Amino acid sequence: MSRMTVNERPIEFLMDPETPLLWALRDAANLTGTKYGCGNGDCGACVVHIDGEPLRSCLVTIAEAEGRFITTVEGLSGSRAHPVQQALVAEQAIQCGFCTSGIVMAAAALIERNPGASEEEIKAAIPNICRCGVYPRLVRAIQRAGRVARRQERISAAPAPGISAEDAAVEVPALSAPDQDAQRGSPD
Ligand code: FES
Ligand code: FES
């Protein structure tokens, strides 16, 4: 059993202690905002905060996460009002969105310690891979988020989510329980 705090809630994972934190978050805790890209530390799609530090959750076992405080993209801002989230939307720095949650978490940690980061500092701190290639917009968005964090600029908040983060995963058809399928009436 591995105990930790995830998005301010105490959680016990009854899983092999060598299970990557990424799998535990996605498959056991149903926090599917954190993405699996490469599984070996290269892409950054799986970045979460562990005790406030942005780390690649595919490289951290739940044994290593024992007793630590984890924040996933679902827990960063329930209202999607974090400056990085606002700026990414405002700069249209999202295409397919697969890389986005990892970049949001990495960028949130960066502007926390350096809201005036230069382009070079952003590229060095966030070497995440975006297969859609939105890198120039990402730099603009992260610098804009830094200005918002320093209260030099305001951006209208992104629209509130239509469903709560807690319910989001169960709305994904592929994750619906068999009895839910039966209630809907499965096709032959
Ligand atoms: S899935 Fe973790 S770095 Fe790619
Ligand atoms: S927006 Fe598609 S991978 Fe980055």
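In which sense do strands S1 and S2 pair, and over how many bridges? In this predicted model, strand S1, which covers residues 2–6, pairs with S2 in the antiparallel sense, and the pairing runs over five bridges. Within this pair, Ser2 stands opposite Phe13 of S2.

The chain as a whole contains eight helices and five strands. Along the sequence, these elements follow the pattern β-β-α-β-β-β-α-α-α-α-α-α-α. Of the 188 residues in the chain, 38% are buried. Among the contacts with a separation of 6 or more, 63% are between residues 24 or more positions apart.

The five strands form an open sheet, in which the order is S2-S1-S5-S3-S4 and the pairing is mixed. Strands S2 (9–13) and S4 (53–56) each have a single partner strand and stand at the edges, so one side of each has no neighbour in the sheet. On average, and with direction ignored, neighbouring strands of the sheet are turned by 40 degrees against each other. Helix H4, made up of residues 100–113, packs on this sheet and touches strand S3 (47–50) as well as S4. The direction of H4 makes about 40 degrees with that of S3.

Strand S3 takes part in two of the pairings described here. With S4, strand S3 pairs in the antiparallel sense over four bridges, and Val48 has Leu55 in S4 as its bridge partner. The two strands S3 and S4 form a hairpin with two residues between them. In the turn of this hairpin, Asp51 has a positive phi of about 50 degrees. With strand S5 (residues 69–71), strand S3 again pairs in the antiparallel sense, here over two bridges. In this pairing, His49 stands opposite Thr71 of S5.

Among the helices, H6 spans residues 135–149 and has 15 residues. From its first C-alpha to its last, H6 reaches 21 Å, close to the 21 Å expected at 1.5 Å a residue. The buried residues in H6 are Leu138, Ala141, Ile142, Arg144, Ala145 and Gly146. These buried residues pack against three helices, namely H3 (83–90), H4 and H5 (119–125). After H6 comes Arg151, with a positive phi near 60 degrees.

Methods. Residues are numbered from 1 along each chain as its sequence is written. Chains are lettered from A and ligands numbered from 1 in the order in which they are written. This is a predicted model: local features need pLDDT of at least 70, side-chain atom pairs count only at pLDDT 80 or more; totals for chains, interfaces and linings use all residues. Two strands pair if DSSP finds at least two bridges between them. Axes are lines fitted to C-alpha atoms, for helices over the stretch in contact, and angles run from 0 to 180 degrees between N-to-C directions. Two residues are in contact if their C-beta atoms, placed from the backbone, lie within 7 Å. The expected span of a helix is 1.5 Å times one less than its number of residues. A residue is buried if 20 or more other C-beta atoms lie within 10 Å of its own, exposed if 12 or fewer, and partly exposed in between; C-beta atoms are placed from the backbone.
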